[in-house]
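Here are my notes on this model, point by point. Please read them with the structure open.

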Amino acid sequence: MRLFEKNSTSRLVFHPGPAPSAPTVEEILAGLREQPRRIHPKFFYDTRGSQLFDRITALPEYYPTRTEKEILHRYRHMIAAHTGGARLLIEPGAGSSEKIGLLIDALRPSAYVAIDIAGEHLRAAGERLTQRFPDLECHALVGDHCGALQLPRNLPQAERLIFYPGSSIGNFEPRAAAAFLQQWRRLAGPGGGLLIGVDRPKDSAVLNAAYNDAEGVTAAFNKNMLTHVNRLADGDFAEDAFDHVAFYNEPRQRIEMHLQSRFDHTVRVGGETFRLRAGERIHTENSYKYSSQAFAMLAAGAGFRHRRTWSDSQGLFDVHYLEADPFAPGARTLH
Ligand code: AVJ
């Protein structure tokens with residue numbers, strides 16, 4: 001397997017990841033055997049899923065993306081003043097790399113590493129970015145950022161800045177989110193930082209609308225996961241045998257997404273049979289919301305020092321800048 005492909009015309013270095021392995025199929029089966037059944041949200045993002053998510057970000061009801069972009073654009077110079085330039089910029093779960101485009105001129109990174117599970121989507125995004133910023137050294141690394149991250153060798157030895165926008169941290173259970181932030185503090189290393197987007201708790205009506213858009217794009221995004229799973233694990237799920245269910249669980253401060261079976265039926269996945277009753281739900285995503293204080297505390301517990309928060313005028317969304325705390329336990333390791 002070639003470790004990387006260098007595009008002759010652009011400064012994009014593409015690092016193809018390992019082929020989906022048996023653990024992926026086993027992971028899907030393990031989730032489906034659970035009660036309630038569940039499928040990990042990372043399986044939303046095949047090429048069609050990534051395209052549907054791009055459509056979600058443009059929906060009138062789905063405020064997080066445009067609100068975060070507004071914050072990044074409005075405060076880009078202040079953000080750069082806090083982070084300092086010439087950093088090695090690392091973006092796990094980069095998707096279409098649209099948001100980083102708002103910051104490149106201000107941050108002037110030594111290089112940019114985009115990591116995503118959807119290889120073709122990642123390569124296309126990398127091509128677009130290097131066309132827009134011809135001097136940018138851009139690495140596209142295919143990989144699952146929920147797992148252990150192995151960065152390519154021969155990257156610039158600069159202080160690191162991890163960029164994690166979109167409130168994707170909300171997909172993790174709070175305890176797992178803390179463990180994830182710890183892993184990133186190690187990845188950031190001494191003098192490293194984290195620039196992270198976090199959606200705040202708010203009125204249920206606003207949140208429920210954001211995950212139940214009138215056009216039905218979120219429903220299509222949710223159901224497309226079944227078609228992706230069929231391809232990955234030799235399944236025979238039928239999308240129209242399910243209804244999209246999404247609601248704000250206020251006490252847990254999270255959006256929950258499920259796929260609800262319309263009638264009793266059986267599905268076969270990876271050689272196993274699953275009996276689904278009418279009304280039975282498969283859990284597909286949690287999206288936790290954090291107040292500014294709650295997130296600063298979570299990050300502090302993971303060894304980050306809170307430096308600064310930028311928010312929009314309506315207080316819907318936060319962009320936090322945190323620095324790796326050199327005195328935090330285990331701070332010295334670098335990956
Ligand atoms: C990409 C995980 C941040 O939870 O808001 C959008 C995914 N799910 N609509 C979110 C999503 C339904 C999104 N994140």
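1. Is His-244 buried or exposed? His-244 counts as buried, because its relative accessibility is 17% (buried is under 20% relative accessible area, exposed over 50%, partly exposed in between; 1.4 Å probe, protein chains only). The residue lies in strand S9 (helices, H or I of at least four residues, and strands, E of at least two, are DSSP runs numbered from the N terminus).

2. A word on the basis. This is a predicted model, where local features need pLDDT of at least 70 and side-chain atom pairs count only at pLDDT 80 or more, while totals for chains, interfaces and linings use all residues. Residues are numbered from 1 along each chain as its sequence is written, and side-chain values use heavy atoms, without hydrogens and water.

3. Now the surroundings of His-244. A polar atom of its side chain lies 2.9 Å from the backbone oxygen of Tyr-211.

4. The ligand comes next. Of the 13 residues around it, Tyr-62, Gly-166, Tyr-211, Glu-285 and Ser-287 come nearest (near means a heavy atom within 4 Å). A side-chain N or O atom of Tyr-62 is 2.6 Å from a ligand oxygen. Glu-285 places a polar side-chain atom 2.7 Å from a ligand nitrogen. For Ser-287, a polar side-chain atom is 2.8 Å from a ligand oxygen. The protein covers 97% of the 350 Å² of accessible area that the ligand has on its own (Shrake-Rupley method, 1.4 Å probe; for residues, only the protein chains shown count as cover). Helix H9 (217-233) and strand S13 (281-288) each supply at least two shell residues.

5. Strand S13 also belongs to an open sheet of 4 strands, ordered S3-S13-S10-S9 with mixed pairing (two strands pair if DSSP finds at least two bridges between them). Strands S3 (37-38) and S9 (242-249) stand at the edges with a single partner each, so one side of each has no neighbour in the sheet. S3 and S13 run parallel, joined by 2 bridges. Arg-37 stands opposite Ile-282 in S13.

6. Finally, Leu-32 in helix H1 (residues 22-33). Leu-32 counts as buried, because its relative accessibility is 1%. Its C-alpha atom is 7.8 Å from that of Ile-282, 250 residues apart along the chain. Leu-32 is in contact with Ile-282, and with Arg-37 and Phe-274 among others.

Methods:
Polar contact = N/O pair within 3.5 Å; in protein donor to acceptor, adjacent residues only side chain to side chain. Contact = heavy atoms within 4.5 Å. Lists of a residue's contacts leave out its neighbours within four places in sequence.
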